[in-house]
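Please keep the sequence and the model in view while reading.

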Amino acid sequence: MYSPSDTTLSDAGSTKSRFSDISDSRMRLPIRAKYRHSQIEPYLDHIRVPVNDRPSIGVEHLSPRKQLEILKLLTKCHLCNVPFENLTLHYSWHRVIEVDPQVLYSKIIETPGRGGYCMENNTLFNTLLVTLGFEAYMAGSRVYQANLGKYDGFSHCVNIVTIAEEQYLVDVGFGANGPNQPIKLDPNSRQAHKYMGDMEVRVRFDAIPQATNRRGKYWIYEYRHDIESEWDPLYCFTDFEFLPEDIRILNLAPSVLPTSIFRKNVICTRFTTVNDFKVANGRLEVLTRWDADDEEINGVLILSGRVLKLRTEGKIIFEMEFKNEYERVRALSKYFGIKLSEVERHAIRGCPTEILQRD
């Protein structure tokens, strides 16, 4: 129904929609958060990017080959130095996960050892990429529930980076078995990529089994243990953009739902190279050089609940079980560089995820 309040009278006497007052420029250009120039160098220091290989703002002016080379380096450095972890949900009094880029910068880049889970790490990395000049956006993802044989609702996110009209999956927030390098997205290809050891991964474009709309397709990220094994899906994701507003909504599922694995288990993982750890006399020894590491990813260190294990080239070469909270907190400090304060350590007391002393 027409209402006089729906129009305004201009000075010239003509009418116009009240919505036309919105600036055209605001409607044309998306507003994306970026880091200040002064924040880039500390970020690159934190993820140990070799000084001579560090990109400057304006990578869009480089050749496609150079852009991809930089993207691969940044991805590897991020995976090896920013852990996939959910400690805030267990070792804090507030239990609040915030995905604002500046909050993430303070939590992760300015705090030694800390990381975050999917929405945190991928938002942080997306902001770095956009600041440097990469054409990058985030997409929503459904994680495959192997025990149920179906995909869950949207509870994960990934980055899609475009270089010279070619798109790449980049994900620094899935943890063990997540992509360890950018993967080219080609709807006509099911190319397998070497992962670690005999393991392989691939991305294919297809409908998911439980969807009634068979014309709607997702990118499906899969892995297999070796060339003789069947492919197993890990997650699927859209090829359209999820806005920062969408990511904030996605963030609620893993951080708030009581059925979330992140609420029920303490998790901390990071990818490793040959320069990080070695096993000697049944002990895991730290080798990490806190300068640049030019070796390729060959393993992943996984802390899950009361168990710590190191997987190298697809095989578990070390595993230990914590007897109490003290041992887990010590492992977080020794192997991940995460030093929890006394207040943080006490916040888990009485919670289901606390490790009670075993005889």
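Two strands pair if DSSP finds at least two bridges between them. Helices (H or I, at least four residues) and strands (E, at least two) are DSSP runs, numbered from the N terminus. With these terms, five strands form an open antiparallel sheet in the order β3-β12-β15-β16-β17. Its edge strands are β3 (84-85) and β17 (315-321), each of which pairs on one side only. β17 is joined to strand β16 (residues 307-312) by six bridges in the antiparallel sense, and in β17 phenylalanine 318 stands opposite leucine 310.

The model is predicted: local features need pLDDT of at least 70 and side-chain atom pairs count only at pLDDT 80 or more, while totals for chains, interfaces and linings use all residues. Residues are numbered from 1 along each chain as its sequence is written, and side-chain values use heavy atoms, with hydrogens and water left out.

The chain as a whole has 10 helices and 17 strands. Of its 359 residues, 49% are buried, where buried means under 20% relative accessible area, exposed over 50% and partly exposed in between (1.4 Å probe, protein chains only). A contact means heavy atoms within 4.5 Å. Among the contacts in the chain with a separation of 6 or more, 60% are between residues 24 or more positions apart.

A second open sheet has eight strands, in the order β7-β6-β5-β4-β11-β10-β9-β8, and its pairing is antiparallel. β7 (183-184) and β8 (193-194) stand at the edges with a single partner strand each, so one side of each has no neighbour in the sheet. Strands of a sheet pair through backbone hydrogen bonds, either parallel or antiparallel.

Within this sheet, strand β10 (residues 218-224) has seven of its seven residues buried. In a regular strand the side chains alternate between the two faces of the sheet. Both faces of β10 are covered, with Tyr218, Ile220, Glu222 and Arg224 on one side and Trp219, Tyr221 and Tyr223 on the other. Glutamate 222 takes part in both pairings: its bridge partner in β11 is proline 233, and glutamate 222 is the β10 bridge partner of arginine 202. Isoleucine 220 in β10 stands opposite arginine 204.

Which strand holds arginine 202? Arginine 202 lies in β9 (residues 200-206), and counts as buried because its relative accessibility is 12%. The side chains of arginine 202 and glutamate 222 are joined by a polar contact of 2.7 Å. A polar contact is a pair of N or O atoms within 3.5 Å; within protein, one must be able to donate a hydrogen and the other to accept it, and residues adjacent in sequence count only if both atoms are side-chain atoms. Leaving out residues up to four places away in sequence, arginine 202 also touches residues including Arg190, His193, Tyr221 and Trp231.

The next feature is a pocket. On a 1 Å grid over the protein atoms alone, a pocket is an open set of points where a 1.4 Å probe fits, with protein on both sides within 12 Å along at least five of seven lines; lining residues have an atom within 4 Å of a point. Grid points are joined across faces, edges and corners, and a volume is the space filled by probe spheres set on the points. The largest pocket has a volume of about 920 Å³. Its lining has 32 residues, and Val143, Gln145, Phe174, Ile261 and Phe262 lie nearest its centre. The elements that give two or more residues to this lining include β4 (135-145), β11 and β12 (267-272). β5 gives the largest share, five residues.

Helix α9 (residues 325-336) has 12 residues and reaches 16 Å from its first C-alpha to its last, close to the 16 Å expected at 1.5 Å a residue; the expected span is 1.5 Å times one less than the number of residues. Asparagine 324 caps its N-terminal end, with a side-chain oxygen 3.2 Å from the backbone nitrogen of tyrosine 326. Just after α9, glycine 337 takes a positive phi of about 75°. In helix α3 (residues 64-81) lies glutamine 67, which counts as buried because its relative accessibility is 9%.
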